[in-house]
Amino acid sequence: MEELTDFYEAALNIGKYAEGLKKRGKKIVGCLCSYTPEEIILAAGIHPLRLFGTKETISLADAHLQAYSCSLARGVLEDALAGRLAYLDGAVFPHTCDTIQRLSDIWRLNTQFAFFADVVLPVKLDTESARQYMEDVLRKFRRDLEEGMGVRITDEALRQSIGTYNQIRGCLSTIYELRSANPDILTGSDLYAIVKGSMIMDRDHLAERLPEVIEVLKERVPSTDTAKKRIILSGSICDQPDIYTIFEKAGGAVVWDDLCTGSRYFEGFVNTGGDPIVAIANRYIERPVCPAKHTSNTARGERLLDAVRKHNAQGVVFLLLKFCDPHAFDYPYLKGFLDREGIPSMLLEIEDQLPSEGQLLTRFETFIHML
Amino acid sequence: MITAGIDIGSITAKAAVLSNGRILGSKVAFTGYNAQQAGTDVFDDLLKELEMDASSIEKIVSTGYGRNSVTFADKAITEIICHGAGAYYLNSEVRSIIDVGGQDSKVLAINPNGTVKDFAMNDKCAAGTGRFLEVMARAMESNLDDFGILSLRSGTPSKISSICTVFAESEVISLIAKGESREDIIAGIHESVASRISSMARRVGVKEPVMMTGGVARNIGVVRALEKALGVSIEVSEFAQVNGAIGAAVMAVKL
Amino acid sequence: MTETDKSKGSKEMQSAGKMREIMAGYYIDAKTAEQTGKKVAWITSGGPVEPLIAMDIIPVYPENHGAMIGASKMGADLCQKAEEMGYSGDLCSYARADIACSLVDGGPIGGLPKPDMLVCCNNICGTVMKWYEIQARYYNVPLFIFDTPFCHTEYADEAKKYVQRQVEEYVIFLEGVCKKRLDRDRMEEVGRLSVEAQRLWQAVLDTAMNRPSPMTCFDAFFHLALIVTLRGTQTAVDYYRSLLKEMEQRVADGIGAVPNEKYRLLWDNLPIWYRLRWLSEKFAAHDACLVADTYTSSWSMSLRYTKDEGSFLDSMGEGYARAYINIGVDEMIKIVLEMVDKYDVDGFVMHSNRSCKPYSLGQYDIQRAVQRERGIPSVIIESHMVDERSFSESQTETRIDAFMEMINQKG
C-alpha cells in the first residue's frame with residue numbers, strides 16, 4: 001500500500017530512521033519488550049525505540065550468549081557489539097524473562113552507552129502488593145531517567161505523553177478492527193509495517209499520522225471474497241513480514257493476533273485522571289498478559305478463545321520463537337483450550353532464519369486445506 | 001477418468017497414472033538439479049512405458065517440494081494432503097500415516113472421510129529421516145539396502161540415546177570400539193530412528209490402522225522398530241514410495 | 001587396597017547410608033500424608049520452606065525429584081513423553097520430566113504425592129512459574145507465587161518492601177489452606193534451626209579448603225538433599241553435625257577424597273545428574289579433585305544476610321531474594337573469585353546447562369573474568385541436566401582431557 005511508504009521505510013531500516021532522529025537532536029533509548037514504560041520515556045522528551053533481532057550473521061554475540069538463547073537476545077546483542085546501535089543514548093531493560101534478565105547484565109557489562117536502566121517489574125500482577133511494587137518501580141525509573149539523562153519529568157509531561165500513547169494505541173486498535181471486519185483492505189505485511197513502524201517512529205508524529213491511515217483504510221471497498229480462511233496468530237515476536245505474504249499465498253487471511261509485536265503492544269488505555277504513575281502502572285497490570293507474567297492460570301487461554309469467537313476465526317497459528325521458554329510452556333494448554341472447542345491449530349517454530357518459503361508454504365497450505 | 005500425479009521430492013521424482021480408480025503405472029527417477037526437467041522427464045517416461053499419450057490424461061496434480069515447478073500441472077497441492085489421499089486410496093480404513101523420506105518425516109492423522117485432521121513435520125533435523133540411516137550405514141560400512149534386514153537379526157539392540165545425528169554417530173563409533181555386536185548396533189540405530197518418529201507421532205496421536213509411506217518404508221527394520229515403539233501394526237504398501245504421486249492423481253480426480 | 005582407602009570407603013558408607021534412610025523416610029511420609037492427615041506442599045528449591053516446616057506441612061520438591069529421575073537415568077524417556085504432550089525439547093529438563101511424571105506416575109518412586117498446595121519462588125528462574133502454573137491447572141490446587149525481584153546490582157528498597165509484604169501474604173496463604181494459625185514461637189524455633197543447619201552445611205563445605213580435600217563436589221551433590229528439603233528441622237541439624245564431624249576426622253587423618261590430589265577444581269552450575277559417577281571417576285583419574293562448586297554453596301549463601309535481631313520472618317526475605325542466580329553476572333563473578341581464592345583452585349569446570357538459562361547465560365563472561373583476574377583455565381561442558389539425549393559423552397570426554405592436559409602443562 002503506497003500510502004504506507006514511511007512506515008515501511010522505518011520498519012525495514014530502523015538504523016536509517018534513528019540516524020534521522022539523531023540529526024534532529026533527539027535522544028534515543030532502546031527497549032526490547034512491550035512492558036517498557038514508554039510513556040515515562042516520552043515524557044522525558046526522549047525517543048523510545050523498539051529493538052529487534054539482527055538480520056546479520058551472529059558471531060560477536062556467540063562470545064556472550066549460548067546458542068540456546070533466543071534470536072531476539074542474540075540478535076540485539078550482536079548489533080550492539082558490532083556498533084550498529086551507535087545511535088542509541090542508552091537502553092532500558094524491563095523484567096521480561098530469564099534470557100532478557102541475563103542479556104541486561106551482559107549488555108551492561110559489555111557496552112558503553114551513556115544511559116542504562118533495569119526496570120525490575122513484578123512478575124505477578126494479581127495482588128495489591130504487586131501493584132504497589134509496580135508503582136514504586138515506575139517511580140524509581142522516572143528518577144533514574146531524570147538523573148541519567150539530565151532531564152526533568154513533570155506530571156504534566158507525563159499526562160501529555162499518556163495522551164499521545166492513548167491516541168496511538170486507539171488508532172492501532174481501530175486499524176485492527178477494520179482489518180478484522182474486512183481483511184482485504186490491508187495485506188499482512190502492510191499491517192506489520194504499521195505496527196512495527198509504530199514502535200520505531202516519532203510518537204507525536206504517529207499520533208497524527210495514524211488517523212490519516214485510518215481515513216485511507218475506511219475508503220477501501222470491502223471485498224466479497226469469502227474463500228480466504230480467517231486465522232489468528234499467537235506468539236511472541238514476529239519480525240518476519242514474509243510469513244504474512246506466504247500465508248496469504250496459501251489462502252489465509254490473518255484477522256487478529258496475540259503477539260508481543262502485535263495486539264499485546266497496544267491493547268489497553270491509560271487512565272487520564274489522577275496520579276499519572278498510578279495510571280500507567282494500572283495499564284501495565286491490566287493489559288493483555290504476556291506468558292512471562294502471571295495474572296491467572298487460564299487468562300491467556302480464555303483470551304485466545306474470546307478472540308477466536310469475536311473475530312470469527314477458523315484456525316490459530318502459533319508462531320513460537322525457538323528457545324522462548326514462557327511461550328513454549330503455555331503452548332500445550334492453549335492448544336488444549338482450542339482442541340476442546342474443536343478449533344484447529346498449527347505450530348510453527350521460527351528463528352532468525354525463516355525456513356525456506358517452500359517449507360512454509362507447504363505447512364500453511366496444508367493447514368488452510370484442513371480448515 | 002484418467003489422471004496423473006507428479007511428486008517432485010528433493011532426491012526423487014515420482015509419477016503415477018490413475019484410470020477410473022485403478023493404478024495404471026508409476027515411476028521413480030532422480031530429481032537432480034532441475035526440478036522442472038525432472039517433472040517433465042518422469043512423466044514422459046511413464047507415459048512411454050504405458051504406451052499412452054499426454055492428451056489422454058485429463059487432469060494433473062503436482063506435489064512435493066518442487067510442485068510449483070511442474071508448469072503443466074493443473075494444480076499444485078502439498079505432499080501432506082497428497083500422502084493422505086494416496087494412503088486413503090490404498091486403504092480407506094487407514095487413520096494414521098507415517099511418511100519417512102530421505103530428508104524429512106511426517107505424521108498425519110486422517111479423518112474417516114480421508115481428509116487430513118492433523119499433522120506434524122520434521123524437516124529441519126536429520127534424525128528420524130533417511131539421512132540418519134545413510135550416515136549410520138556408512139559408519140557401519142553397510143549397504144543401505146541390507147541395513148534393515150541386518151537389524152532384525154538382533155534380539156538385544158544397543159542403546160543409542162542421542163537425538164542429534166552427529167552425536168549419535170560418535171555414540172555408534174564408541175559402541176563399535178567397545179566391541180558390541182554389529183547387529184545389535186544396527187538394531188539400536190533402527191530403534192533410534194523409530195524413537196524420533198514415534199515421538200512426533202504421539203504428538204499428533206496414533207490411531208490404527210497405520211500405514212507407512214515414503215522411501216524409508218522399504219526398510220523393514222524401521223517398520224518393525226516403529227511397530228514396537230508405537231505398539232501398533234503397520235501396513236506398508238508396495239506403492240509406498242510413490243504414494244505421494246498416487247495421492248496427487250487421486251486429488252486430480254476431485255478437481 | 002590400602003588401609004586408608006578401605007577406611008575411607010567404610011566411613012563414606014556411614015553418612016551416605018544415613019542420608020538414604022532419612023530421604024526414604026521423608027518420601028514415605030510424603031506419600032502417606034493423606035493417611036496421616038498431613039498436608040503436602042510442592043515447593044521450589046529456592047523457596048522459603050521454613051514456614052511450611054513450622055506448620056507441619058510436608059514440603060516436596062519436584063526439582064529434587066527431577067535430580068533423582070536424572071540420576072536413575074529415567075530422564076530421557078520422561079522428557080520424550082513431555083515432548084509428546086507438546087512441550088518443546090528446549091525447555092528445562094526438570095520441568096519436562098516432572099510434568100510427564102505427573103501424567104504417568106513415572107520416575108524412581110512411582111511419582112510424587114499429589115500436592116495440597118503449590119509454593120513457587122522465582123528466585124531461581126522464571127521457568128518455575130510456568131511449571132507451577134501447569135501443575136496448578138493439572139492438580140487444581142492453590143498456587144502461591146513468591147516474587148523475588150531480580151537483584152542485578154542491589155537489593156532495592158522497593159523490592160525489600162514488596163518481598164516483606166509477600167512474606168505476610170505467604171503466611172496468610174498457608175493459614176488459609178491449612179485452616180490453622182502459624183505458631184509464631186514455633187516459627188522462630190524453625191528459623192533458628194534453619195540458620196544452624198546452614199552454618200553447619202557451610203562448615204562442611206569449608207572442610208574442602210584443606211589439602212587434600214576430604215570431599216568432592218560430587219559428595220556435596222549427594223549430601224545437599226537435606227539442606228534443600230528439610231531445612232528448619234532438627235533432622236537436618238543432626239545430620240550435618242555428624243557429617244561435619246566425619247569430614248573433620250578425615251581432615252585430621254589426612255584422607256583425601258581423591259587419593260592423589262594434584263589439581264583442585266571449581267565446578268559451576270547444576271550437576272549432570274545422569275553422569276555423576278562417570279565425571280567423578282574421570283576427574284579422579286586425572287588426579288583432579290572438584291573441591292567446591294557454586295551450586296551447593298547456594299544453600300548457605302543467605303547466611304550473608306542473616307540478622308541476629310528481629311524475627312526470622314522479618315529477616316529471611318533478603319537471603320531468598322539474593323539467591324546466587326538471582327543476582328547480576330558481575331555479582332556472580334565476585335562470588336566465584338572469592339571461591340577460587342578460598343579453596344585455592346587451579347581450574348574452573350563450567351557446566352553449560354541447556355536446562356537453566358539464569359545459571360548458564362553469562363557463563364562466558366564469568367569464564368573470561370576468572371581468566372583475566374586469576375589466570376586460571378576453564379572448560380565448558382554442555383548438557384541438559386536430566387535429559388541424556390542431548391549429551392555427548394565422547395565430546396565431553398575430549399574436552400575434559402584437553403582441559404586437564406592444559407592444567408598439567410602449567411604444572
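User: Before we look at volumes, what counts as a cavity here?
Analyst: Happy to start there. A cavity is a set of grid points where a 1.4 Å probe fits but cannot get out. The model is a predicted one. With that definition, a search of the whole structure, keeping those of 30 Å³ or more, gives a cavity count of 8.

User: What is the volume of the largest cavity?
Analyst: A volume is the space filled by probe spheres set on the points. For the largest cavity, this comes to about 640 Å³.

User: Which helix of chain C gives the largest share of the lining of the largest cavity?
Analyst: The lining of the largest cavity has 44 residues, with C:Ser45, C:Gly46, C:Ile124, C:Trp299 and C:Ala323 nearest the centre. Elements giving two or more residues are helix 7 (127–139), helix 9 (184–206), helix 14 (312–321) and helix 16 (357–360) of chain C. The largest share, 5 residues, belongs to helix 14 of chain C.

User: Which helices each supply at least two residues of the lining of the second largest cavity?
Analyst: This cavity has a volume of about 400 Å³. Among its 30 lining residues, A:Thr96, A:Cys97, A:Ala292, A:Cys324 and A:Pro326 are closest to its centre. The lining divides into 17 nonpolar, 8 polar and 5 charged residues. The helices asked for are helix 5 (98–110) and helix 14 (325–340) of chain A, together with helix 7 of chain C.

Technical notes: Residues are numbered from 1 along each chain as its sequence is written. Chains are lettered from A and ligands numbered from 1 in the order in which they are written. This is a predicted model: local features need pLDDT of at least 70, side-chain atom pairs count only at pLDDT 80 or more; totals for chains, interfaces and linings use all residues. Side-chain values use heavy atoms; hydrogens and water are left out. On a 1 Å grid over the protein atoms alone, a cavity is a set of points where a 1.4 Å probe fits but cannot get out, and a pocket is an open set with protein on both sides within 12 Å along at least five of seven lines; lining residues have an atom within 4 Å of a point. Helices (H or I, at least four residues) and strands (E, at least two) are DSSP runs, numbered from the N terminus. Ala, Val, Leu, Ile, Met, Phe, Trp, Tyr, Cys and Pro count as nonpolar, Asp, Glu, Lys and Arg as charged, and the others, Gly among them, as polar.
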